[in-house]
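Here is a short briefing for a reader who is new to this protein. Take a look at the structure first, then read on by topic.

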Amino acid sequence: MTLSVSDFSELLLPLSSMVGKDRIIFATKEDHETPSSAELVADDPDDPYEEQGLILPNGDINWNCPCLGGMASGPCGEQFKSAFSCFHYSTEEIKGSDCVDQFRAMQECMQKYPDLYPQEDESDEKSSKDLEAASMEASAAKEEKGSS
């Protein structure tokens with residue numbers, strides 16, 4: 001019995017193998033010539049997590065927002081969520097002043113993972129202080145100009 005290339009391909013068709021987390025599936029040329037019968041599902045306009053930004057229409061925090069940079073899912077994610085939620089829902093006159101304990105817990109957690117959450121080095125700290133000083137000077141100059 002002689003096998004042709006297409007016969008050999010048919011033998012390979014059901015073959016698949018796992019390589020780590022990936023599955024390798026062998027397909028024949030004929031498999032690719034047939035149009036796909038897969039149906040694509042249109043985006044749900046009511047999906048509460050689809051391109052909504054940080055705050056969802058109902059006022060909840062969108063923990064899936066890329067703007068959070070993965071902070072909600074890292075090793076200190078729960079502490080971050082606690083602190084951020086507290087700040088977001090704070091009704092204190094000085095917003096977030098009732099969240100000191102949550103932010104302290106988040107900071108303590110982050111200090112345990114310096115590779116993931118690097119602290120500002122001296123040059124960054126100096127730059128921040130320079131920016132703050134420049135901002136304060138500009139505000140003072142603006143107030144002075146407005147009162148004269």
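A residue counts as exposed when its relative accessible area is over 50%, as buried when that area is under 20%, and as partly exposed in between. D101, at 56% relative accessibility, is therefore exposed. The model shown is predicted. Its protein has 148 residues, and 14% of them count as buried.

**Overall layout**

- The protein has five helices and two strands.
- Along the sequence, these elements follow the order α-β-β-α-α-α-α.
- The accessible surface is about 12400 Å². Carbon and sulfur atoms account for 54% of that surface.
- Among contacts with a separation of 6 or more, 28% join residues 24 or more positions apart.

**Disulfides**

- The whole structure holds three disulfides. With the bonded cysteines numbered in sequence order, they pair as 1-2, 3-6, 4-5.
- C65 and C67 form one of these disulfides, with their sulfur atoms 2.4 Å apart. The torsion about their S-S bond is about 130 degrees, so this link is right-handed.
- The two partners differ in cover. C65 is buried at 9% relative accessible area, whereas C67 is exposed at 51%.
- C76 and C109 form another disulfide, with a sulfur-to-sulfur distance of 2.0 Å. Here the S-S torsion is about -90 degrees, so the link is left-handed.
- C76 sits in the loop between α2 (29–33) and α3 (77–89), while C109 sits in helix α4 (residues 100–111), so the bond ties together parts that are 33 residues apart in sequence.
- C76 is buried, with a relative accessible area of 2%. C109 is buried too, at 7%.
- C86 and C99 are also joined, their sulfur atoms 2.1 Å apart. This link is left-handed, with -90 degrees about the S-S bond.
- The pair links distant parts of the chain, 13 residues apart: C86 belongs to helix α3, and C99 to the loop between α3 and α4.
- C86 is buried at 15% relative accessible area. C99 is buried as well, at 0%.

**The annotated domain**

- Which residues does UniProt list for "domain: CHCH"? The unreviewed entry gives residues 76–112.
- Over residues 76–112, the chain is 68% helix and 0% strand.

**Salt bridges**

- Side chains of opposite charge can pair when their charged atoms come close.
- The whole structure contains two salt bridges.
- One joins the side chains of K21 and D22, at 3.1 Å from N to O. K21 is exposed at 74% relative accessibility, and D22 is partly exposed at 42%.
- The side chains of D101 and R104 also meet in a salt bridge, at 3.6 Å from N to O.
- Where do D101 and R104 lie? Both are in helix α4, three residues apart, which is about one turn of the helix.
- D101 is exposed, as stated above, at 56%. R104 is partly exposed, with a relative accessible area of 43%.

**A nonpolar surface patch**

- V19, I24 and F26 form a nonpolar patch on the surface.
- V19 belongs to strand β1 (residues 16–19). Is V19 buried, exposed or partly exposed? At 47% relative accessibility, V19 is partly exposed.

**The loop residue I55**

- I55 lies in the loop between α2 and α3. I55 is partly exposed, at 34% relative accessibility.
- Leaving aside residues up to four places away in sequence, I55 touches D60, I61 and H88.
- I55 and H88 are 33 residues apart along the chain, and their C-alpha atoms are separated by 9.6 Å.

How values were computed. Residues are numbered from 1 along each chain as its sequence is written. This is a predicted model: local features need pLDDT of at least 70, side-chain atom pairs count only at pLDDT 80 or more; totals for chains, interfaces and linings use all residues. Side-chain values use heavy atoms; hydrogens and water are left out. Helices (H or I, at least four residues) and strands (E, at least two) are DSSP runs, numbered from the N terminus. Buried means under 20% relative accessible area, exposed over 50%, partly exposed in between (1.4 Å probe, protein chains only). Contact means heavy atoms within 4.5 Å. Accessible areas come from the Shrake-Rupley method with a 1.4 Å probe; for residues, only the protein chains shown count as cover. Patches are made of residues with over 30% relative accessible area and no salt bridge: like charges are joined within 9 Å, nonpolar side chains (Val, Leu, Ile, Met, Phe, Trp, Tyr) within 5 Å. A salt bridge is a side-chain nitrogen of Lys or Arg within 4 Å of a carboxyl oxygen of Asp or Glu. A disulfide is a pair of cysteine sulfur atoms within 2.5 Å. UniProt positions are given in the numbering used here, feature names are shortened, and annotations may be inferred rather than shown by experiment.
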